[in-house]
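Hi,

Here's the structure I promised to pass along. Have a look at it first, then read on for what turned up.

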Amino acid sequence: MQVTETLNEGLKRGYKIVVAASELDEKVNEKLVEAQPDVEMKGFRKGKVPLALLKKQFGDRVMGEAMQESIDGAMSKHFEESGDRPAMQPEMKMTNEDWKAGDDVEVEVSYEALPDIPEIDLKKVKLEKMLVKADKKEVEEALKSLAENAQNFEDRKKGSKSKDGDQVVIDFLGKVEGEAFDGGAAEDYPLVLGSNSFIPGFEAQLVGAKVGDDVEVKVDFPAEYQAENLAGKAAVFECKIKAVKAPAAAEINDDLAKQFGAEGLDELKGQVSERLEAEFAGASRAVMKRKLLDQLDGLAKFDLPPSLVDAEAGQIAHQLWHEENPDVEGHDHPEIEATDEHKTLAERRVRLGLLLAEMGRKNEIEVTDAEMTQAIMNQARQYPGQERQFFEFVQQNAQMQQQMRAPIFEDKVVDYIFELAEVKEKTVKKDDLEKAVEALEEDAA
């Protein structure tokens, strides 16, 4: 086998591989001899089929395997000896397309090599970590929000009419074509008007009702209603208003605390304070990470594989186009061309991606099975009742696994850099942190 370099410009590489016919024939014979003991064929005992007959019967298929293995082996050896790592899958083309048995095989291979990533002196990286403590006012605002979410309903004055947002307690009986139907009746049912928990149009007809009123609610079941015998049909619900209650925020006391699993109000305040400070810490980390990436982008200087930059620029352009055209789904749209702005952003992303990947590789930073499992479980919670199916889907989908592994890996590398960089802590107000976060969002827009 001969491997000859045909291109070496920047990161572009090209090679011509020639696999001799004699080498291929030898590899085919080896494969057939290896398989011979297990082959059964009419007229011969198992394992006694002559090699010449096997070659006639299976030679073409085995030849294809031999070609592929020879070329793959040559490329593996080349990468091992040269130290090259292709940026994307190498392109391979057989040049003697009129090949026939007995001819050498000639293949052209081209790829872009990943660049040599320079060492970055992380001690030159200087960062500021913003610290925000939850003050009394912020804790009180959070408690007030919890109280509103844990709202109770209190009876309105006698004779008051119900309003949107009120809770009405009703007895109801539903009928279709004058006949009651299964599941269409209830007593003392608490219904919050405006919650959209009943058939569209139902709740609106109870606004303005008083205790003791009999209200006839007329609605149409949706055409796609789950009960086929009711789908698309007109219905009448005979409703008796038994109570009208206005929403009232829960009092901020020990009883409220117990609703959220705390033993008392002091413990709930402590939990709220910890949660707020965890949110502040997360926002602070995001700001510090952006500052880190900005510095690394300035410190890291190396050539970028054009194929990676073009692919990333195309992806950015495509994503932004869909954000601007949310009504268009799929890929049924005009061709989207990347602009210079897209390419500049792509260069930054590719540069930082290669740099962080190399830092992680050199320092043996890996995403553990436990971390992947936790990430999958966290995302599976977004699909209530289908957690198991989602888990199995991810296990069987290598691309999905990589999409989930990449941000975990990046954050682990970033944390590693934080430990080595010069980080100064600075206590600031919540408003200062919010302004820093807003600046990040404006830069990303």
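A quick definition before the pocket: here a pocket is an open set of grid points with protein on both sides within 12 Å along at least five of seven lines, and a residue counts as lining if it has an atom within 4 Å of a point. Keep in mind that this is a predicted model.

On to the largest pocket, then. Its volume comes out at about 2000 Å³, and 44 residues line it. Nearest its centre you'll find Glu-312, Arg-349, Val-350, Gly-353 and Glu-410.

Which helix gives the most to that lining? That's H7, with 13 residues. H7 covers 340–362, and helices H5 (265–299), H6 (306–324), H10 (398–420) and H11 (430–444) also supply at least two residues each.

Eight of its 10 residues are buried, so S7 is largely enclosed by the rest of the structure. S7 pairs antiparallel with S8 (residues 179–192) over eight bridges; one to click on is Val-169, whose partner in S8 is Pro-190. The two strands make a hairpin with two residues between them, and Glu-177 in the turn has a positive phi of about 55°.

S7 also runs antiparallel to S10 (residues 234–248), joined by nine bridges. There, Gly-174 has Phe-237 of S10 as its bridge partner.

Cheers

Note on methods: Residues numbered from 1 in each chain as written. Predicted model: local features only at pLDDT ≥ 70, side-chain atom pairs only at ≥ 80, totals over all residues. Heavy atoms only, no water. Buried < 20%, exposed > 50% of the residue type's maximum accessible area, 1.4 Å probe, protein only. Helix = DSSP H or I, 4+ residues; strand = E, 2+ residues; numbered from the N terminus. Pairing = 2+ DSSP bridges. 1 Å grid on protein atoms, 1.4 Å probe; cavity = no way out; pocket = protein on both sides within 12 Å on 5 of 7 lines; lining within 4 Å. Points joined across faces, edges and corners; volume = space filled by probe spheres on them.
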